[in-house]
Amino acid sequence: MNVILAVLTRELRLALRSRMDWLLPLLFFVMVVMLFGLGARPNDPVLAGFAPSILWVGALLSMLLTLDRLFRADYEDGTLEQLCLAEAPLTLTVAAKLTAHWLLTGLPLVLLAAPLAVALQLPAAGQPALVLGLALGTPVLSFVGGFAAALTVALPRAGLLLPLLVLPLLAPVLIFGAGAVRAALGGLDAAAPLYFLAAVLVLCITLVPWAAAAALRNAFE
Amino acid sequence: MSSWTWFHRLASPPSFFRLADRLAPWLGWIALALLAYGWINGLFFAPEDYQQKDAYRIIYVHVPAAALSLSLYVGMAVAGFVALVWRMKLAESALIAIAPVGASFTALALVTGMLWGKPMWGAYWVWDARLTSELVLLFLYFGVIGLWQAFEDPRAAARACALLAVVGVINVPIVKYSVDWWNSLHQGSTILKMGKPSITAAMAWPLFASVIGSYLFAGYVILRRLQNELLQREAGTAWVRELMGKSRV
């Protein structure tokens with residue numbers, strides 16, 4: 001438990017000192033949504049129908065931007081190697097790092113999605129499903145993305161490869177996340193897709209840290 | 001432990017290379033015979049479908065390709081698992097040998113499905129569970145191939161690919177059962193279902209032949225690719241030099 005706390009506080013303290021690192025992805029998210037609004041006809045009612053997928057894809061892309069930095073700095077200054085050698089299990093360290101990543105990038109996206117949904121004229125019926133879906137889905141993005149970042153940490157130009165590795169694995173999250181909003185808009189119960197997202201999240205939290213830790217070890221062999 | 005010596009012998013590159021060299025021609029010729037029987041009968045002599053007319057004949061390519069796209073992914077993931085757990089070099093090479101073959105069959109399944117979809121559904125592509133998950137499968141193959149090419153050290157590359165393949169295997173049941181789970185536009189299986197198949201024997205036998213033939217063909221290609229992979233990796237070792245000296249290359 002101490003390991004998790006120590007890593008968490010370290011990551012948060014680092015983030016406090018370089019605010020741009022976690023503010024830029026949020027700006028990017030807002031800009032993607034804005035560009036969709038600008039690209040459509042003024043006040044096009046169709047835009048509200050696409051709001052779930054626009055918001056979900058925007059969230060996916062802005063998380064994708066942050067992944068390359070997730071382990072890179074620690075890899076370059078040797079911290080990561082120390083963490084691999086440390087007595088504390090690497091799985092826990094990685095889980096803490098990924099949790100910190102979600103707190104810094106995923107959680108702000110979830111909070112930002114609600115006002116942006118209003119801007120896209122998403123009806124109020126779809127709002128809770130959108131925010132709940134993102135709250136369950138963005139940690140999955142952090143964890144699966146963290147796994148891909150760990151796989152490519154030793155590569156000089158991982159930025160191009162990351163989308164190819166991450167996006168196919170996250171397709172189900174997008175399908176069920178946007179599906180939950182559509183179900184709520186159609187007057188159906190959004191619980192089923194949300195439960196599915198929750199199940200995926202539990203699976204990710206339990207299994208991905210192992211895989212990511214193995215991938216990090218591989219980078220040092 | 002003496003009963004396991006055959007296993008260790010099999011896993012050593014030189015003896016596997018020799019075994020593959022003996023096995024591959026058999027697979028290749030039997031595949032050729034079965035595919036010739038399956039495709040000639042399927043394309044020219046099998047009766048027309050009462051509803052789809054001649055267009056259904058694409059199943060003689062589409063069904064084997066789609067089945068292989070899933071089987072090869074599972075095979076790749078199993079090779080990856082073996083490579084991760086037992087650090088077996090042969091499994092690492094097998095994973096790399098399988099990936100492009102699997103990607104090709106997935107692309108073939110998608111293209112043949114699209115060609116069939118235009119006359120039948122009126123559209124080359126629909127955003128439907130089966131089609132989308134098969135497309136995701138293609139991207140998973142591309143991910144493995146891309147990751148493999150990004151690394152310089154083949155062993156680190158193989159282990160990274162192995163991890164990715166094992167994680168990605170979660171997509172396989174989604175593709176396989178997408179037709180049953182969701183109300184998909186894609187039709188359900190007509191051949192592999194419990195009890196009596198809903199397809200006549202004159203159509204079924206060429207289909208079985210083309211499925212088995214395609215599996216054997218994939219086996220042939222993978223063995224040959226694996227042999228190449230082993231030669232490249234073990235270049236400079238005594239057995240490769242001896243082999244190359246013999247064949248005057």
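Author: Start with Asp68(A), which touches Ala149(A), Ala158(A), Gly159(A) and Leu162(A), leaving aside residues up to four places away in sequence. The model is predicted.

Reader: What makes these residues count as touching Asp68(A)?

Author: The test is a C-beta to C-beta distance within 7 Å. Ala149(A), Ala158(A), Gly159(A) and Leu162(A) are in contact with Asp68(A), so each of them passes that test.

Reader: Why is Asp68(A) called partly exposed?

Author: Asp68(A) has 19 C-beta neighbours inside 10 Å. Buried would need 20 or more, and exposed would need 12 or fewer. The value of 19 falls in between, so Asp68(A) counts as partly exposed. Asp68(A) sits in helix α3 of chain A, residues 46–76.

Reader: How far apart are Asp68(A) and Pro163(A) in sequence and in space?

Author: In sequence they are 95 residues apart; in space, C-alpha to C-alpha, they are 10 Å apart.

Reader: Two helices of chain A next. Why are α7(A) and α8(A) described as running the way they do relative to each other?

Author: The axes of α7(A), residues 161–185, and α8(A), residues 191–219, cross at roughly 155 degrees and come within 8 Å. An angle over 145 degrees counts as roughly antiparallel. The angle here is over that limit, so α7(A) and α8(A) are roughly antiparallel. The crossing of α7(A) past α8(A) is left-handed.

Reader: Which residues of α7(A) and α8(A) meet?

Author: From α7(A) come Pro172(A), Val173(A), Phe176(A), Gly177(A), Gly179(A), Ala180(A) and Ala183(A). From α8(A) come Pro193(A), Leu194(A), Phe196(A), Leu197(A) and Val200(A). By class, this contact has 10 nonpolar, two polar and no charged residues.

Reader: What makes two of those residues polar?

Author: Gly counts among the polar residues. Gly177(A) and Gly179(A) belong to this contact, so they are the two polar residues.

Reader: How do α2(A) and α5(A) pack?

Author: Helix α2(A), residues 19–39, packs against α5(A) at an angle of about 30 degrees, and their axes are 10 Å apart. An angle under 35 degrees counts as roughly parallel, so α2(A) is roughly parallel to α5(A). The crossing is right-handed.

Reader: What classes of residue make up the contact of α2(A) with α5(A)?

Author: The contact has 11 nonpolar residues, one polar and no charged. Among those that meet are Trp22(A), Phe29(A) and Val33(A) in α2(A), and Leu104(A), Thr105(A) and Leu116(A) in α5(A).

Reader: Why do Gln121(A) and Arg87(B) get the exposure labels they have?

Author: Gln121(A) has 14 C-beta neighbours inside 10 Å, so it counts as partly exposed. Arg87(B) has 12. The limit for exposed is 12 or fewer, so Arg87(B) counts as exposed.

Reader: Which elements make up chain B?

Author: Chain B has nine helices and zero strands. Of its 249 residues, 38% are buried. The UniProt entry, which is unreviewed, lists residues 26–46, 58–86, 93–117, 129–148 and 199–223 of chain B as "transmembrane region". In this model, residues 58–86 are 97% helix, with the end C-alpha atoms 41 Å apart. Residues 93–117 are 100% helix, with the end C-alpha atoms 37 Å apart.

Reader: How many residues of chain B are in contact with chain A?

Author: On the side of chain B there are 17 residues, in contact with 15 of chain A. Helix α5(B) gives the most to this side of chain B, with eight residues. By class, this side has 13 nonpolar, three polar and one charged residues.

Methods:
Residues are numbered from 1 along each chain as its sequence is written. Chains are lettered from A and ligands numbered from 1 in the order in which they are written. This is a predicted model: local features need pLDDT of at least 70, side-chain atom pairs count only at pLDDT 80 or more; totals for chains, interfaces and linings use all residues. Helices (H or I, at least four residues) and strands (E, at least two) are DSSP runs, numbered from the N terminus. Axes are lines fitted to C-alpha atoms, for helices over the stretch in contact, and angles run from 0 to 180 degrees between N-to-C directions. Angles under 35 degrees count as roughly parallel, over 145 as roughly antiparallel, 65 to 115 as roughly perpendicular and the rest as oblique. A crossing is left-handed if the near helix is turned anticlockwise from the far one by less than a right angle, and right-handed if clockwise. UniProt positions are given in the numbering used here, feature names are shortened, and annotations may be inferred rather than shown by experiment.
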